[in-house]
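Please look at the chain below and follow the report with the structure in view.

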Amino acid sequence: EIGDLFYSLNSLTGLYLGDNLFTGGFPLLPKSMLDLWINNNYLSGSIPTSLGQLTKLIRVNAGANMFTGELSPNLFENMTALNYLGFYNNILTGSIPPSICTCKKIEYFLLYTNEMTGEIPSCVSEFNAMYEFFISSNHFSGNLPNITKWPGISVVYASQNMLTGTLPDTSRNQYLRRIDLSGNNLFGEIPKFPLSLQALSLSYNQFKGTIPPSIG
């Protein structure tokens with residue numbers, strides 16, 4: 001277990017323990033933390049509210065563990081510096097807490113392969129630094145965020161959810177490379193996509209109409 005082993009190290013800014021065999025709960029860490037990588041271990045229990053006290057944290061990767069339960073509504077309230085959110089490949093439930101709206105600097109939004117539900121908070125559309133958006137294999141409903149508001153977006157993976165609504169014209173998203181929206185309840189006509197697009201999956205939805213003659 002990691003426990004509170006590093007809690008007293010008040011100058012610690014980076015902790016990299018990924019790809020090990022650690023067990024136990026989420027570690028208790030000093031407020032000086034900027035970088036936390038505990039991915040690919042056997043950690044379990046809930047994501048504690050104490051994580052939200054790490055107000056300087058820029059990157060947190062707790063993916064590929066066995067964390068369960070819901071995220072606290074106020075978890076992200078003071079985490080305004082957060083750039084990388086990695087909670088993928090766990091067993092998290094519940095919805096994305098509204099406090100995520102304070103994390104306007106997020107570039108990497110990685111919540112895929114959990115059991116999360118509810119709608120994506122509308123404020124996520126305003127995260128204009130977004131670069132990679134991964135929420136596949138959950139139970140999210142409602143609309144996909146407005147991708148057109150993410151000028152630098154490269155990858156959008158939101159497959160295997162219960163998302164609904166239509167897709168916007170993303171032909172001006174010149175850095176967009178990959179989109180996977182398969183296995184949802186999206187409908188309407190297929191819009192234009194940018195010439196930069198390398199891979200597109202829209203299977204198992206309810207699209208109709210004609211394929212655009214040009215994706216540019």
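Cys101 and Cys123 form a disulfide, with their sulfur atoms 2.1 Å apart; a disulfide is a pair of cysteine sulfur atoms within 2.5 Å. This is a predicted model, in which local features need pLDDT of at least 70 and side-chain atom pairs count only at pLDDT 80 or more, while totals for chains, interfaces and linings use all residues. Residues are numbered from 1 along each chain as its sequence is written, and side-chain values use heavy atoms, with hydrogens and water left out.

A search of the whole structure finds one disulfide. The link of Cys101 and Cys123 is left-handed, with -85 degrees about the S-S bond. Cys101 lies in the loop between strand 7 and strand 8, and Cys123 in the loop between strand 9 and strand 10 (132–134), so the pair ties together parts that are 22 residues apart in sequence. Strands (E, at least two residues) and helices (H or I, at least four) are DSSP runs, numbered from the N terminus.

Cys103 is buried, with a relative accessible area of 0%. Buried means under 20% relative accessible area, exposed means over 50%, and partly exposed is in between (1.4 Å probe, protein chains only). By these cut-offs Cys101 is partly exposed at 26%, and Cys123 counts as buried at 13%.

Next come the charged pairs. Side chains of opposite charge can pair when their charged atoms come close. A salt bridge is a side-chain nitrogen of Lys or Arg within 4 Å of a carboxyl oxygen of Asp or Glu. The structure holds two salt bridges, listed here.

| Pair | N to O distance |
|---|---|
| Arg59 and Asp35 | 2.6 Å |
| Lys149 and Glu126 | 2.9 Å |

Arg59 is partly exposed, with a relative accessible area of 28%, whereas Asp35 counts as buried at 10%.

In the pair formed by Lys149 and Glu126, Lys149 lies in the loop between strand 11 (139–143) and strand 12 (155–157), and Glu126 in the loop between strand 9 and strand 10, so parts 23 residues apart in sequence are tied together. Lys149 counts as partly exposed at 38%, and Glu126 counts as partly exposed at 45%.

An open sheet of three strands has the order 3-5-7, with parallel pairing. Its edge strands are strand 3 (44–45) and strand 7, each of which pairs on one side only. Two strands pair if DSSP finds at least two bridges between them. Strand 3 and strand 5 (residues 66–70) are joined by two bridges, and Ser44 stands opposite Met66 in strand 5.

Two residues in loops complete the picture. Is Leu111 buried or exposed? Leu111 counts as buried, at 2% relative accessibility, and sits in the loop between strand 8 (108–110) and strand 9 (117–119). Not counting residues up to four places away in sequence, Leu111 touches several residues, among them Leu85, Phe87 and Phe134; contact means heavy atoms within 4.5 Å. Ser72 is found in the loop between strand 5 and strand 6 (84–86) and counts as buried at 18%.
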